[in-house]
Structures are given as structure tokens and as C-alpha cells.
Amino acid sequence: MNLSASYNQRYWLRICFAFLLSTGATSGMAQKPNANINHRNTVAKKGNTFRVTLHIDDDTNQPLILGRCELQPLGVFAATNMNGDAVFTDVPAGEWTLKVTYVGMEPLVKKINVNGDIVQKFVMAQSSLAINEVIVTAQQKESGASSNTFIGRQAIDHLQATSLADVMQLIPGQVMGNTDLTSKTNLQLRTLVNNNTSAFGSSVVVDGIPMSNNGNVSQGAFSSTAFTGTDLRQIGADNIDNVEIIRGIPSAEYGDLTSGLVVVHSKAGVTPWQAKAKITPELQNYSLGKGLRMKDYGVLNFNVDYAKAWGDPRQKTRSFNRYNVSVGYDYDLTKKWHTDTKVKFMKAVDWTGNDPDAIDDGTYSRNSTTSWSFSHRGRISANKRFMQTLSYTAGLSLTYTDNVNSSYVSNTTGLLPIITAMETGYYSVPWMTTSYLATGITECRPGNLFLKVNDAFSIYKNKTRQNFKVGLEYHYDWNNGRGYYNENESLPYKPNSDGRPRAFSDIPGLHQINAYAEDNFCWEINKTNELKINLGFRYTSMQPWSEVSTSSLSPRLNASFSLTKWLTLRSGIGVNSKTPGLDYIYPDKKYSDRVAVNYMPQDDAAAQLLVYHTQVYDVKMSKDLKNATTTKIEGGLDAKLPWGGNVSLLFYQDKTPNGFGNATEYTTYYSNVYDESALNIVAGQPTTVNYDNPSRRDLVVMTTGKIGNTNSTVNRGIEMDINFGEIKPIYTTFFLSGAYQYTKTWSTDLNTSSVRSALLPASYSSYKITPFKVIYPSGLDYNMYKRFLNTLRIVTHIPRLKMVASFTTQAIWYNWNHNYVADKNPIGWIDANLVSHDITSDMMNGYIGMDGIYYANKPEGQYSVLVSDLTNKYTDNIPTKNPVTWNMSMRLTKELGKLGGLSVYVNNCLYYEPYLTNNITTTLTQRNVGTFSFGAELFLNL
Amino acid sequence: MNKKIFHTILTCQMAFTLTGCCNFDDATHEVSVIVQLQQPEDCVSDVSLEGKTVSIINGGQVTSVVTDASGKALFHNIIPDMYDISTSWSISADEYHSATNNQDAVSGAMIAGSVNSCLISGEGTIQLKTNLSANRDIVIGKVYYAGSRDKNNRNYLAGKYIELYNQSDDTIDVSGMYIGLTEAESTIAYTLDNIHTAFADSVVLLKQIYRIPAGSPYMVAPGGTVVICNSAIDHTTNDDYENDLTDADFEVKDVTGKYQNNPSTPAMEMIYQIYNGTSVMNLVQSGPMGVVIFRTDDDVASWQKVYPYGKTAGNQWVLCPVRHILDGMEALRNSSSGIDVKTKRLNDKIDAGYTYINATSGWNGETVYRKTMKRAADGHKILVDTNNSSNDFNVSQSIKPREYDE
């Protein structure tokens, strides 16, 4: 592992060195025509750059405040001030494309010719279906060399999204369907299986603040299937202006992620009152928002959103309520200092319980999450040589999660010990003889502080442009929740080894420091050929100077080359890394409970006695844990079709060899059993135990609960996106997207198992103890998934009718998975002293005794296990291949003058839910289940 | 006009032609069937097959006919379908000696035959094989495997038990007798066909084996019972369908601290069990569930164990030779789609039929118990034992331990 890391570092250093050489060479080439001008003089010489002043008005001649202006392909940005003015300084001479975007307005795209200081005025038109350009699908972002998908407001409206989870359906390769608001939804990009590292390593950045999950802590043993990552349901869709999804290699500005990045921009700017109501049988969603000009004191945006959902309207056993309130204030402190301050409130309540029509027996679960977040961002136009724009971000988020579960603890066997011991020892424990109602509560209080400073500056030299970003970040995550506890500790909700209380506030906070630098290099070789290179480095250090410190260097390189006017090639390679959160670094203690005395005379209740031995192992921290890293490689092409369409084709591979998972590590302890001979029994008196006189003494092997980097994943595939362009006579555009995806996951954890009970005498098997642990080769078993699907979107937009309709058909041509379990010979065993021994091929006919010693011949006087009997063979290794399925949905949006509009949709509009078999069973299984739904949305602009 | 008449005639003609093509003779008709009893295989001389009752059962409806002198039972007006066919009758000790040339002391014997899920599709004769079995002293009298729901309507399975019954005229020592529970996987490990192929019907797969302690005699009087349970406590506090088992004869001692162990109740010896971390009897509440009792001097723990048929890994079951088995009974799962007789684990020599509880998933307090045939001279009950649980067992929610029908 160390060698590999060292190799990776050397590998990246070589790439960086090569790049710097190439940059130098490029600079050298560029300097040749004017060899006397060195780099410094070129930048300093104002004669080569000019000032571009823009004034942007809306169609009522009111200045647009906070309009986002970008000069492409320079990649420089500016925002309009309270007078609607935006200024670009140091713009090199040439023809550039100005792109201005504004909430509720059609994007303005104009060519401007800069050959001196210029002042230009533009008017933006209100977004409307009456305009020819309407985009209701996801778009491949043109400017980036990495694979970015951009989803604008019109697409979100047309989709009738309720939360960010809905929006993700527009990404190539995603399966169409309904998003159930009553189930948590995390972000899974480019993977065919829900992977905890992938979800935990997906970053959602809302208005510049990453939503951190590092402070979340769970109670009990680590679970690889527990929910991780950001719950996308918590982000309401109505206040989103646009979403950018970076499936490929993101900018070095973004980190602490492995699988992908979602950047959400909320609405900002002056808007009319906007009221929306979405209604389906499963949910209702209402929102009200407004962008208010505060005369000369900035712009105030606010949005209130409420959503309520039921899993199944016929049986209201699940519900979800969400309240979002967002207030944003933009203000120019000075002409050069723009600030943006936001306060957000979110409350989400999940409830599961008895149907209101059924008998309420007191069982329910309620998960309430309340979060407050405060953010302040500033952008100072310093206009210094190496500090053109200095921006800073400060964010603070506080989350209050209370998870209450109330249900009957079943007691099928008539004796349920109530074990509450927190230390190792023998304890006389109370017990229950019947089921009982119990309530368990988990109080989680994660908090996150985020500070960031970013410096951006550009260097232009002849035909090359370089936009640099350097920055520093600091994250602090903590959790001061009470943790897990029971409403009544004598009636625990989980009366087993996973049910001990745990105070999250005892867990130390996490400090994380990041530094990054990035160069966006562009070389306009000639009118046709252009080379863009994005080179970035990001350094992450978590818990520096502590026993669990981790660090990683994440270099990344994206490049694109315009081969012809219509064909651009692009490729990239980069490493993303995700720091482990509190849950991984500080796992819960492990508890093991074994009965020592079970004496229950039925005619002498006073003498009844139940004694348990509790063994506690506190792993304290996962010391060897490293950051999970994903190496992303991708390459592809973008082609423009002569009639206005375009084609995008991309190959990718994401490899995460060190995701988070259990790291098997054993400890042993002795546990005694006492029969009546060891008890002091006096009729009518409490029974006592002579602890020095056990009738049985077992050596028990238990795992420590350590977490490690034992989960490996490879995702690879091909994504395609084709816009066939508009067929004008029928106002219709055809979009075809698709993806072939491949996912393979396996564990590199130590592969051990207890000796099978069939090979052991009942004195071992019934007591659930093993004389030794058998070691098998690890990494041979895997889960593999393959899928190929296509999505055809037919969008008909009739401006005269102010109407857009879309029909989407998706076909899953190929859906294959294989849970492969390899035949395995044992390669070793771990004896009672935790010493590992190898098994060689010549030992397969020998024996291992209950004493954990190998014998070439069957030992006398003790039970033994034939080594060859420890071989594991599996015969049911047939991959599952599902038949072709398809699904169709339709959506319609119609504007009603300037007042507002109406949208309707039907998912699975042909109600195609067939019963189909697959290749390994003749059992008919229903497909497309739960994909049928319909709903309507009414929106008003007042 | 002519055209109209022509079209009308043509249409009528076509209708007549098509109607004429229909053959209504292929509709289902009632049929007559003869069931011919065969002489028992183990007899050296013929026994009388005249006057024996043969029953055919379909969907709970029983039709019975008495055989003629040649052992034929003629059933009239039978609707073609799948039927279970069975017969049984008892013979005296003298008849047994005469038929078998075996002079062992027995109280009598049963001759029985059955075939499950037999397709009757038309007229014909069905040959019904019969077996002869001497009346056994100790039989499996009752099994409570369904479990119940406690006062909070939660599942409760601690009160399960097996009851043995001595229907002989003598006091019997049951010490050293083995109780075996048959393999009960949802995907059957060895079908009867597999056992036939691999072991010529000579074995039964057992998942758990217990033994009544062999150290000292444990005598059971005629009509006496032996209750073997997982927890010898009063379970009626949890549910009214449950029983007070504080006077159980034996308790399987739990070693995991999840069942109350009653120190007053002697412990069963655990010989083998397939499960890791449990010691109690695993009587699957929904079925399938099979129990055999056997005696042997072999070292049972060293009997051969097998993986599922055709596999070389997974769980392993003990192969119990049929020749040691004294009695066996089998309850199958009563699923919503009916009972799948292909899930039977015991061959016809041990249990030619099956019983079942009414609930599909258990948890309703039902007990399967042996019917009462008659009373012996000393007044103790003789239970029905035809080697066919379909005939021998009843199901009840109210029957209590050590009780049988009058």
C-alpha cells in the first residue's frame, strides 16, 4: 500500500513537471515573435488589455442588479452593480463572447469586439415560452473540459421537480422514475449500486458552501448499508436557479469528494412574486418567493417552501414534511466589494407508523431534522497583478436531528435479558418474559464551520490565456448531540449489543485544512485549433498532528483540443479524495454479551437468577484509516452537427481502491458458564454465584469494530448525448442520451470465517464459539453490474402557443448483475492466541484440532477438523440478466400570459408494468413497479 | 334485394358450418374408477382384501367405497382431478403372525396404503400398494410447532413441544431414545427422488438430534406420555393458546440465555445440530416440520453427513438410517397456493402422508395430534397409527398436553 502511494505521488509529480515544462515551452513559443518582452512586462503592459464596461437593463428599462456576466472563452466573470453596471478590467484585445445570465431572464449571448476601452449597453428579455430558445433538458456544458451537466430553471420547471433528487433524473444514464419523498435519497453518480463510500463522497455545494456530512455519527456497529451522504430531499427545487453536475474531474477548488460534485445556485436577483403549487396523489408542494430591490441598499431574496408527501396515498403509513425558508441579501459595500449573505432554515420530518384507520398500538418512528445555516460571501475586485479578484466565504451550519423509534420489542423466546453494562464483567441482569413497548432516541447535533479564501487572477500573453485560482479552506465538523438513549433505560429499544447508549458529544471534532491551486490554460493556436488545459492540485489534511491524521494530494488535469471547428477532443485524469467522517474515525465500542447463569426455578421466583458476561472493546479510533481516493480517467469528443445539433461521447473510469468498510481485527476473551453446582441456592432467597467455580470456560473471539479502507469499486462506462437539432416545421427537437455502465465492487478486508457448525461438536456449535478462525483469500468475491440504456426525449416547443411538451422514452436494453462467490481453499487459520498460521497445499489432508494446532494425522483424544473440509465451494454462480424493459413519460408546460402557467406530467404514461422472467428463474416479476404517477403544477408571477 | 338475400344466406351458411365444427364431446365428464388393493409387500401369505374402506380425497371432500372380494373398490361419478387415495385397516396379532411368519410379540398391526396427488383423468384401474406395520409401542402423539402471539400480538415460540405416547399395554423405558428433526430448508436439500437416487430410500436427513438421557430408566406407563419442550415454564401468561409446561418430562436446555431453563425439568441430551448458536429444537412454525424417533447403539454423532444434493458446500445434515426409525410424522406448509407434496421429506414407509396446520404462517396456537382409534382392555387409548399422517392426525387450538380425543 505504501509503495503504491509512493508510486502515485511520483507519477503525479512527473505529470506536473511535464506540464510545467510544456507551459514553459508554450510560453517560449509565444515569446518568440517578441523575444524582448518578458512575462512580467507583458502582464504589466496595460496597452495590451482594455476595460470593458457593460450596462444591462431588463425589458422595462430597469437596471438588472446582480446579473452574472462572463466573457467566453476568457473565463472571466463580473456582476452588475446596483446601477446595472459591470466592469471587466484587463481584457485582452479580440472578439469575445459575452454571456449574461439572470434569474428569470433569457440568457444573453453577444459577440463583443474589444480593441480599446469600450462601454456597451444590453437589454435582457424575460424568460418565456414565447421565446424561440427554450431548454427543458440537461445540457453538456460547453466550456469545461470535464464532463459537466448543466440544468437550468426551465428544465427544472418542466420536470416539475420537488427536490434536488428529482433533478438528478436528467443526467445521462439515470433510470427514469418517481422520487419517493418519504425515502432518503443520496447522490449516486456513475454507479449501478448504492455504495456508502460513493454516497458519502458525493459533494453537494449550495451557494458556495459544501453540505458537510463529516459530523454525522451513528450508534452501534458500522453498517455498510446505512444511509450516508447528503439527503437530496432536503433541498427544495423551487428556489434553485440552476444546477451543475460534475461527473468527471472537478476544479481543484472543490474537494473532499470521491464520486462527483453537484453545485447548486439559488435564485438571486430582483424577481416578481413567484408562487407555485405542485399536487400529485403522493405529495403537495407550495412555495412563494420574491427578489426585492432595497433601493440603493442591495437586493433581498427570500423563498418559503413547504412540501408534504405520503409514500402511498391509499395507506398513509409514511409521511414526509419539509419546510424551507431562505433569505439572501446581496449588497455592494463598495464599488469593488460585493457581498452576499444568506440565512437558511430547513426542517424535515419523516414519520412512519400505523395507518390512521388501523389500531394505534404505539409503534412509530419519527426522524426530525432541523438545520440553520448562515453564509457570508464576499468578492473584492482588487485588480492587482496577482490578485484580480479576492473572494472569501464563511459558512456555519447547525443541524438538529432527533430520531425517535417506538415499537414493541419482540420476545419470542420468553426470556429477554436487559443488559445495560458498559464495562467488562459479570452482571446479574433483569429480564422480561414478554414483549414490551420501548422508545429509543438518537439525538444528533452535527455542526460545520467552513472558511475559504480564493484568489483569482489571469495572465494573457499573445494567444495564450491563463486563469489562476489559489485558495485555502478550513473545515471544522463536530457533533455535540446526546447520542443514543432510551426513553426508559429499563426498557431499552434495542436490548442487545448494539443498543448501548453513546454520547456523540464525547467524540472530538474534526479539523480539515485544504489548499489548492489551479491553472486554466488556453492556447488559441489559430482560428480553428484551441487547446485548453486545466491543471490543479489540492492538498487535504485532516486532524493534523493527531494520531488519526490523514493527508492527501489530489492532482487533476483536464484537457480539450478543438481539432476542427466542429470537433473537440477532451480528456482528463485526476484524483479526488474524501476524508473519513467522525463515524468512520471514531467507531462505537463493541459489546459482546454471553449468558453465564440461567437459573429459573418456576416455584421460587426469589431464587431466579440471570447473569451475563459483558465484554467491551473500545477501538477508540481507526488509526490506520486513510482518505478514500478515486482516480478518474475520462476521454471523449464533442461534435457540432451542421444543422445545429451536437453529439457528445465520453468514456470514463472511476476507480476507488480504498473506500470505507469494516477492517476485521480480532480480540479474544474468556467467558464462564455456571451451572447449579456453582450456585449458592437457598429456597426463597436470592441465588448467588461462586464465580471461582465455573462449569464451563469458553474462549470467545470477537471483532474489534475497526473501520478501514477495505471497500473497492470500479465504475466505467460510455456516456453519450445527442441533440439532433430542431425540425422547424414541427417545432420539435430530438435528444438521445444513453450510457453503458459497469460497476464492480469487492472487499479487500481480511476474509475469515468461523468453522462451520457441521464440522464441530455440539459443545462448540450450540455455544456459538469456534476453536479457530479460518482464513480464506480475500478479494476473489465481487458484485458486478452492467447496464445499457437509452433515453429519447422529444421536445415540441410552439412559441406562439407559449407551450412546450416533451415525451420521454427510456429503454433498458441490457441489465446484468453477478454476485460472484469464488470457490476457496483455506490459506491459513488464526488460533486462540490470535496467531496466524499458513495452510500450504500439502496440509490439505491434515487436521486442525480444537486446540488450534495442525496435525498431519488425525489426533487422538480430541475432536479435529479435516483441513480439506474447510474448503468452500459454490455452485450457484450464474449471472442474472433481465429482459429489455421500457418506460415512457410525458410533460406539458403552458404559459398563461404573463400571469403564470400550468404544467402537467404523467410518468409511465402507458402504465407499462409487465411481468417478466429473467435468465435464471421462471418466476414472473413485475417491472416498472411504482413508476406510474401524475401531477400538475400551477405557477404564478405576481 | 337479391344481393341482400344472398348475403343473408351466405352468413347463415357460414354460421351453421362453424357451429357444426364444434365438438361438444370434449367437455369434462364424470368417470368411474377402480382402485385395486395390492397385497402388502412384507407378507408371505395373502391377507384378505375384502371389505376394506378406500377413500379418495379432493379439496377436503372424502369419498369412500368398500372393496369387493378381489380387493377392488369401484368409484362412480368421479370428476377428473388430482386425488389423494388411501386405505388402512388393523389386523390382530394372530393375523400378523400368520401373514408374516414373524412370531414377535405384537399387539396387532396395521395395513395401509396411500398415493398422493394421483391424477384421475378417465376410466381405469389404479393399483394401490399397501404396507404392513406392526403396532408400535411409542408413537409421536402430538407436536405443537405453530407458536402463538403474545398479549401484545407479537410472535411467541417458546412454548413449542413434542409429545410421545405409549399406546402399548406395557410400561416402556424410553431412556436412550433419540428424537430427530428432519431437514426443513425452504429449498429442499434432498427431495425424496434425490434420496431414492442416492441412498435407495434408506435414510432420512436430520438437522437436529436429541436423546432422552440414557443413564437411568425412564418408564412410561400404558397410555402415558413424554412431553419434551424448549422451556418448561407456564406459557399461559403470554397467550391463552399456550400451555403450562412446568410438568414437562424433559427440557432442551438453552445455552444462549434466551429461554427460561427450569432446573426442575431434566435436560435432553444434544447430539447434533446444524445451527450455530442455538441449542433448542427448531420446530418451524409454518412447516415443513418432521419428527422421527429412533433407537440405535451406534455413535449417532459420527453418522455420515451430507451437503445439499449435488453440492459440495453449505450446511450438512445427518443421514439417519430408516431401519432404526420407530415412528415418524411430517407436517407440510399450508401456503396460500395449497400444499406442495413435493416438499415431503419422509418416504412412504415412515409417513405416507402429511398433516398441516390451518394457518399459512403459524403463530395461531394450533397443535397437530394423533386421533384416537379405540380404547385398550385396560382403558388406555389406542391412537391411530397407519403410517400416514393424513389419516392419523388432527389439528386443534384447544388440545392440551397429555390430552387426546375420546
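Author: Buried means under 20% relative accessible area, and exposed means over 50%. The model is predicted.

Reader: Which residues of helix 3 of chain B are buried?

Author: Helix 3 of chain B covers residues 192-199. On the other side of this helix, B:D193 and B:T197 are exposed. The buried residues are B:N194, B:I195 and B:F199.

Reader: Within what arc do the buried residues of helix 3 of chain B fall?

Author: An α-helix has 3.6 residues a turn, so residues three or four places apart point the same way. In helix 3 of chain B, the buried residues line one face of the helix, because, seen down its axis, they fall within an arc of 100°.

Reader: Which strands do the buried residues of helix 3 of chain B pack against?

Author: The helix is followed by B:A200, whose phi is positive, near 50°. The packing partners of the buried residues belong to chain B as well. They are strand 15 (203-211), strand 21 (305-306) and strand 22 (317-321).

Reader: Is A:S251 buried or exposed?

Author: A:S251 sits in the loop between strand 12 (240-246) and strand 13 (260-266) of chain A. Its relative accessible area is 18%. The cut-off for a buried residue is under 20%, so A:S251 is buried.

Reader: With which side chain does the side chain of A:S251 make a polar contact?

Author: Leaving aside neighbours within four places in sequence, A:S251 is in contact with A:K469, A:E518 and A:R556. The polar contact, at 2.7 Å, joins the side chain of A:S251 to that of A:E518.

Reader: How much area do chain A and chain B bury between them?

Author: The contact takes 35 residues from chain A and 39 residues from chain B. Of the buried area, 47% is on carbon and sulfur atoms. The total is about 3,000 Å².

Reader: Which residues form the salt bridge between chain A and chain B?

Author: The rule finds one salt bridge across this interface, along with 19 residue pairs in polar contact. In the salt bridge, the closest N and O atoms are 3.4 Å apart. The residues are A:D361 and B:R154.

Reader: Which element supplies the largest share of the side of chain A that touches chain B?

Author: Strand 32 (590-599) and helix 7 (762-765) of chain A each supply at least two residues of that side. By class, the side has 13 nonpolar, 15 polar and seven charged residues. The largest share, three residues, comes from strand 32 of chain A.

Terms used:
Residues numbered from 1 in each chain as written. Chains lettered and ligands numbered in written order. Predicted model: local features only at pLDDT ≥ 70, side-chain atom pairs only at ≥ 80, totals over all residues. Heavy atoms only, no water. Contact = heavy atoms within 4.5 Å. Buried area = accessible area lost by both parts, 1.4 Å probe. Salt bridge = Lys/Arg side-chain N within 4 Å of Asp/Glu carboxyl O. Polar contact = N/O pair within 3.5 Å; in protein donor to acceptor, adjacent residues only side chain to side chain. Helix = DSSP H or I, 4+ residues; strand = E, 2+ residues; numbered from the N terminus. Nonpolar A, V, L, I, M, F, W, Y, C, P; charged D, E, K, R; others polar. Buried < 20%, exposed > 50% of the residue type's maximum accessible area, 1.4 Å probe, protein only. Arc of directions from axis to C-beta.
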